[in-house]
Amino acid sequence: MPSTAAVIGAGPAGLMAAEILATAGIAVTVYDRMPSVGRKFLMAGRGGLNLTHSEPLDRFLDRYGTARDWLEPAIRAFPPTALIAWCEALGQPIFTGTSGRIFPKVMKASPLLRAWLSRLAGLNVAFRLRHTWIGWSPNGAPRFDPATNEKPDATILALGGGSWPRLGSDGTWVAQFPDAVAPLRPSNCGFTVAWSDHFRARFAGHPLKRIALRFDAIVQRGEAAITATGIEGGVIYALSAMLRDRIETAGPATIHLDLRPDLSPEQFTERLATPRRAQSLSAFLRKQAGLSPVAIGLVQEARHNGADTDLASLIKALPLRLLTPRPIDRAISSAGGLRKDVVDETFMLRDRPGVFAAGEMLDWEAPTGGYLLQADFATAVAAARGALAWLEHPLPPAYRPGDQGEVQ
Ligand SMILES: Cc1cc2nc3c(=O)[nH]c(=O)nc-3n(C[C@H](O)[C@H](O)[C@H](O)COP(=O)(O)OP(=O)(O)OC[C@H]3O[C@@H](n4cnc5c(N)ncnc54)[C@H](O)[C@@H]3O)c2cc1C
């Protein structure tokens with residue numbers, strides 16, 4: 001009889017763990033509470049499916065901040081080159097954007113997921129959807145609603161974080177680990193800003209292109225978007241962990257936006273020295289500073305709120321007071337999860353031999369840029385390899401260290 005494994009959670013981490021275990025000849029059953037698999041993965045595909053990033057691996061690893069040391073062995077063993085090779089082997093060629101981010105050429109997840117599911121079907125992976133994991137049976141087997149009778153030889157938990165709960169990962173699993181979890185918190189999230197009614201009505205939904213954001217000594221260039229409740233988007237997400245932590249400890253945080261990072265303060269002072277004459281402020285800023293309507297709106301909002309610096313300084317360093325992070329259910333990802341000290345180096349739970357954890361349910365966070373999916377996949381590969389070792393089952397050739405572009 002082959003060994004059996006339960007993989008709980010059919011997101012990218014769970015499906016990757018299932019693939020490796022099944023390739024090794026393990027009889028795998030994947031459980032998920034939702035009626036279909038990979039819902040958040042498909043949602044990530046709506047933004048182009050940024051799979052990973054092309055920057056040098058050492059810099060890449062720095063993106064995981066304090067979790068770098070923990071994740072490094074898994075990511076070195078299944079680095080971006082391995083993820084790209086895997087994606088291309090499923091018939092999805094990739095391309096690298098000007099920012100260094102890597103996407104499948106089709107810029108969506110559905111063809112990749114379809115090909116992946118057909119590979120898993122070929123490996124006889126069984127799926128039990130609409131099955132919610134609710135804890136452990138007295139004999140140590142995972143318990144589900146509705147109940148099942150299986151007692152797998154190994155279990156991989158890949159239950160995801162707490163963002164976008166309607167896609168399946170609602171974070172309720174944390175109740176099963178009262179002493180092992182760092183609280184789930186929003187990561188890569190927007191922030192609330194007390195916009196005036198006028199500004200909100202006029203500019204909610206407008207993009208702020210090619211801006212720079214400064215917080216403390218950190219400057220980040222990119223894009224953002226005004227929302228009815230505040231501000232979100234790449235440049236905000238990049239600093240969101242820091243901003244969230246600062247707000248938690250010290251209350252509202254003020255960031256500064258440079259609305260024209262391509263022009264120096266001197267160039268602005270010169271451009272804005274031209275007499276305004278009968279022009280409205282808005283026409284003057286559009287002509288002399290080349291500002292978009294939403295950027296002009298921000299300048300006017302700041303002046304309305306009492307900013308008394310000259311226009312040039314305001315355009316180069318517009319203060320914006322961020323009140324709170326937006327709730328976790330609207331964040332791209334979550335921080336927190338199962339802590340490093342409760343799993344061993346193969347991601348096996350120390351107090352539950354034979355049970356492994358992978359993906360976003362582990363306590364790490366990273367900015368957007370492909371770092372999330374890369375760590376989801378890499379920890380899944382590591383946990384599945386750990387499970388095979390624990391079952392004393394040989395690794396399938398395709399997943400032995402040294403194959404798939406692993407860095408030795
Ligand atoms: C809008 C959006 C865009 C994104 N874009 C990108 C991107 O471009 N690049 C990137 O790197 N990352 C992106 N991400 C993040 C990425 O999608 C996640 O990091 C990834 O899906 C996490 O994978 P996972 O397998 O760990 O968990 P999930 O994908 O969350 O899967 C967990 C699964 O577990 C199931 N589950 C949860 N609890 C239970 C239970 N009790 N019983 C049974 N099943 C359960 C859920 O239904 C779910 O199917 C994006 C996220 C969002 C929301």
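This is a predicted model: local features need pLDDT of at least 70, side-chain atom pairs count only at pLDDT 80 or more; totals for chains, interfaces and linings use all residues.
Let's start with the ligand: 28 residues surround it, and the closest are Asp-32, Asn-50, Trp-133, Glu-360 and Leu-373. Residues are numbered from 1 along each chain as its sequence is written, and side-chain values use heavy atoms, with hydrogens and water left out.

Now, what sort of residues make up that shell? They divide into 13 nonpolar, 10 polar and five charged. The nonpolar class is Ala, Val, Leu, Ile, Met, Phe, Trp, Tyr, Cys and Pro; Asp, Glu, Lys and Arg are charged; the others, Gly among them, are polar.

On to the polar contacts, meaning pairs of N or O atoms within 3.5 Å. A polar side-chain atom of Asp-376 sits 2.8 Å from a ligand oxygen atom. Ala-13 brings a backbone N or O atom to 2.9 Å from an oxygen atom of the ligand, and Arg-33 brings a backbone N or O atom to 3.1 Å from a ligand nitrogen atom. Taken alone, the ligand exposes 1000 Å², and the protein buries 95% of that, with areas from the Shrake-Rupley method and a 1.4 Å probe. The elements giving two or more residues to the shell are α1 (12-23), α2 (39-46), β7 (132-136) and α14 (371-390); helices are DSSP runs of H or I with at least four residues, strands are runs of E with at least two, and both are numbered from the N terminus.

Arg-244 lies in helix α9, residues 240-250. Is Arg-244 buried or exposed? Its relative accessibility is 1%, so Arg-244 counts as buried; the cut-offs are under 20% for buried, over 50% for exposed, and partly exposed in between, using a 1.4 Å probe and protein chains only. Beyond its neighbours within four places in sequence, Arg-244 is in contact (heavy atoms within 4.5 Å) with residues including Arg-185, Phe-191 and Glu-365.

Then there's Pro-207, in strand β12, residues 207-215. Pro-207 counts as partly exposed because its relative accessibility is 42%. With neighbours within four places set aside, it is in contact with Ala-224, Ala-225 and Val-294.

Last stop, helix α5, residues 80-89: Pro-80, Ala-82, Leu-83, Ile-84, Trp-86 and Cys-87 are buried there. After α5 comes Gly-91, with a positive phi near 85°.

Definitions and conventions. A residue is near a molecule or strand if one of its heavy atoms lies within 4 Å of it. A polar contact is a pair of N or O atoms within 3.5 Å; within protein, one must be able to donate a hydrogen and the other to accept it, and residues adjacent in sequence count only if both atoms are side-chain atoms.
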